[in-house]
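The following exercises concern two ligand sites and several local features of a protein model. Please study the sequence and the structure before reading each solution.

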Amino acid sequence: MNIVVCVKYVPDAQADRTFNEADNTTDRDGVEGLLSEIDEYAVEEALKIAESGEGEVTVVTVGPEQALDAVKKALQMGADKGVHVSDEAIHGSDAAATSLILAEAVKKAAGGENPDLVLMGMSSTDGVMGVVPAMVAERLGLPQVTYASELTVDGQGLKIRRDGDAASETIESSLPALVSVTDQINEPRYPSFKGIMAAKKKPVETWTLADLGVDAGQVGLDAAWTTVTSFAKRPPREQGQIVTDEGDGGAKLAEFLSAQKFL
Amino acid sequence: MAEVLVLVDHVDGKVRKSTAELLTIARRLGEPSAVHIGPGAETAQVTLAKYGAEKVYTFDAPEALEYLVAPQAEVLAALVEKTSPVAVLIPSNSAGKEIAGRLGIKTNSGVITDAVDVTAGGEGVETTQSVFAGSYTVKATVNQGTAIVAVKPNSVAIEAAPAAGTVEAVDVTVSDAAKAAKIVESKPKEATGRPELTEAAIVVSGGRGTGGDFGPVEEFADSLGAAVGASRAAVDAGWYPHSNQVGQTGKQVSPQLYVAAGISGAIQHRAGMQTSKTIVAVNKDEEAPIFELVDFGVVGDLFTVLPQATEAVKKAKG
Ligand SMILES: Cc1cc2nc3c(=O)[nH]c(=O)nc-3n(C[C@H](O)[C@H](O)[C@H](O)COP(=O)(O)OP(=O)(O)OC[C@H]3O[C@@H](n4cnc5c(N)ncnc54)[C@H](O)[C@@H]3O)c2cc1C
Ligand SMILES: Cc1cc2nc3c(=O)[nH]c(=O)nc-3n(C[C@H](O)[C@H](O)[C@H](O)COP(=O)(O)OP(=O)(O)OC[C@H]3O[C@@H](n4cnc5c(N)ncnc54)[C@H](O)[C@@H]3O)c2cc1C
């Protein structure tokens, strides 16, 4: 089983995330970054599948120089090889362009055709659009099986369980397929000391757009199909009123709600 | 006037409030046409016309809803081709965003998700998003193809504006490729009688601090006519269904009032509720980070504070 996992490098949500004044793009230099939390679940699931049979796990990231950290983390967890797609021209890409680059990278990573399984997170922790899996599936012509809370794969196909808005659903699909996972699916492992040492020897390839045969004019800020025209920091919330319950906390809460016209 | 396509969010023709919101927004941009996929179009037509749909496109082949999102994207793509709309408005829930994504690729169009406002700007459709857990407001436009915008629930006040609502069946053959991920089993959620989490004006959520007893949280919610949410800790413990989880990997809610009881306020929880208009917390730890966000907070035990508040609310409401 040939598995490719797409992992994104994102600014740390605990830090003060912001935008670049010059071109309204996300600031990825001024803020510490890391492997998008939900993508750890995708890596873990790939490792579990590979470990339960025969399989090779390749992780792919598209992003600036530092994005290599996301690949390294996945290799330390146990993935076999890494691919880092990096090119000045990618800066400022929107979701559509990102999905184009990822689709080409996934194919190239699997030797020019669709791998048996592509795994992704349900959404990143910065853009949080939750659209890239659907877009890549559309581009690769793969069955799109998203928001998996449980996944079972056998030789012929796969099955997931997911919590839809109105129902709990079971989905079946043939392979190859693209699956996105939620944080319900497993408990990602921490890299062991052995894993960290082993990762240093694992192969990582760095590809440019030219390596993928993607025209630089199709991606990046200037080619983006969406344009951020302005951004503004929200004024911080004003410090609210905090009372300590002395037997009347509930009554005070109700008074507040009444004064705010919620009753 | 150019058409604006609105994908209808419904269960067997029972139209969700978010669809009325999309129709209200669509009227700012052009002439609203609703797109109803699946059964129940006759029932839905009445509501859709009431909120301004001049046309109601319908597609009711069984394969439309037997597979994940791909067939719906094909139906919309065919309608974009046929009507050259100024925009396509889609509910910004998980399935809606995926439909938007696929439609964007199919029609070479820019996609914007999680919009909280949409207006007709000088450069075409202009959107407002609230990003990085509500800390920034971003304005954006689509400069390629048709503007495909997924709009969050509770973004506008709905306004009725009766229109013709002329029904027109769409003729599309769903491709085999779109019939790849089949829904083989679907267990509907138990009806609680409470409002839908993402649409509710008031949400009361419980966390690990409930110790597994959601009774006080539910009773307080019911006194206010609110939906009930939960933190991931409460969901992971099996105390409340995953579909009620609020946060980064749960639902993103933006109600008029959000009450967090026994929830510490982790960044992943905040990501799902930080844009709520008024925030209230009950927590016995005065250092809990949730208190940084609140308009009103009670440092105390939820098992005494909530029941007392419930009684007071019931009394005030008569
Ligand atoms: C605050 C904010 C708002 C934005 N709004 C828009 C918008 O409205 N429209 C628009 O077109 N673009 C928008 N963008 C840009 C968009 O987020 C990026 O283009 C991004 O690469 C794709 O979207 P996402 O991060 O939301 O991915 P999601 O769809 O949330 O990501 C899901 C999964 O796809 C995979 N993945 C995504 N990106 C990568 C990557 N670079 N490398 C490897 N795997 C990846 C991961 O497995 C991830 O878990 C926005 C960005 C930010 C920061
Ligand atoms: C990838 C990822 C995604 C995640 N997504 C989400 C998400 O979508 N939603 C989410 O909520 N979390 C999410 N989390 C988890 C998040 O990090 C926190 O662990 C979680 O929100 C904690 O839930 P809690 O506040 O209920 O529990 P705790 O942090 O344990 O807080 C419990 C609080 O209850 C208080 N308390 C205890 N007893 C009482 C009492 N009797 N009365 C009043 N107060 C009391 C305590 O003082 C404490 O502040 C995610 C984590 C990861 C890694």
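Pro176(A) sits in the loop that links strand S10 (167-174) to strand S11 (177-181) of chain A, where helices (H or I, at least four residues) and strands (E, at least two) are DSSP runs numbered from the N terminus. This is a predicted model, in which local features need pLDDT of at least 70 and side-chain atom pairs count only at pLDDT 80 or more, while totals for chains, interfaces and linings use all residues. Residues are numbered from 1 along each chain as its sequence is written, chains are lettered from A and ligands numbered from 1 in the order in which they are written, and side-chain values use heavy atoms, with hydrogens and water left out.

**Exercise 1. Chain A and its cis peptide bond**

Describe chain A as a whole, and then state which residues a cis peptide bond joins.

Step 1. Chain A contains 7 helices and 14 strands. Its C-alpha atoms fill a box of roughly 65 × 45 × 40 Å along the principal axes.

Step 2. Of the 263 residues in chain A, 52% are buried; buried means under 20% relative accessible area, exposed over 50%, and partly exposed in between (1.4 Å probe, protein chains only).

Step 3. The cis peptide bond lies between Leu175(A) and Pro176(A), with omega about -5 degrees.

**Exercise 2. The site of ligand 1**

Determine which residues are closest to ligand 1, and characterise its polar contacts (pairs of N or O atoms within 3.5 Å; within protein, one must be able to donate a hydrogen and the other to accept it, and residues adjacent in sequence count only if both atoms are side-chain atoms).

Step 1. Ligand 1 is located between chains A and B. It is surrounded by 31 residues, the closest being Cys6(A), Lys8(A), Asp39(A), Ser124(A) and Val111(B); a residue is counted if one of its heavy atoms lies within 4 Å.

Step 2. Polar backbone atoms of chain A approach oxygen atoms of the ligand: the distance is 2.7 Å for Cys6(A), 2.9 Å for Gly130(A) and 3.4 Å for Val128(A).

Step 3. Taken alone, ligand 1 exposes 930 Å², and the protein buries 93% of that. Such areas come from the Shrake-Rupley method with a 1.4 Å probe; for residues, only the protein chains shown count as cover.

Step 4. Two or more residues of the shell come from each of strand S4 (56-62), helix H3 (95-109), strand S6 (117-121) and helix H4 (132-140) of chain A, and from strand S7 (111-121) and strand S8 (124-131) of chain B.

Step 5. The shell around ligand 1 comprises 15 nonpolar, 12 polar and 4 charged residues. In this scheme Ala, Val, Leu, Ile, Met, Phe, Trp, Tyr, Cys and Pro count as nonpolar, Asp, Glu, Lys and Arg as charged, and the others, Gly among them, as polar.

**Exercise 3. The site of ligand 2**

Explain why the site of ligand 2 is shared between chains, and identify the side chains in contact with the ligand.

Step 1. The site is shared because residues from chains A and B surround ligand 2. There are 28 such residues, and Arg208(B), Ser231(B), Gln245(B), Ser264(B) and Gln268(B) are the closest.

Step 2. The side chain of Gln245(B) places an N or O atom 2.7 Å from an oxygen atom of ligand 2. Nitrogen atoms of the ligand are approached by polar side-chain atoms of Thr249(B), at 2.8 Å, and of Asp301(B), at 3.0 Å.

Step 3. The protein buries 83% of the 990 Å² that ligand 2 exposes when taken alone.

Step 4. Helix H1 (37-52) of chain A gives two or more residues to the shell, as do helix H7 (232-236), helix H8 (267-270) and helix H9 (302-317) of chain B. By class, the shell has 7 nonpolar, 14 polar and 7 charged residues.
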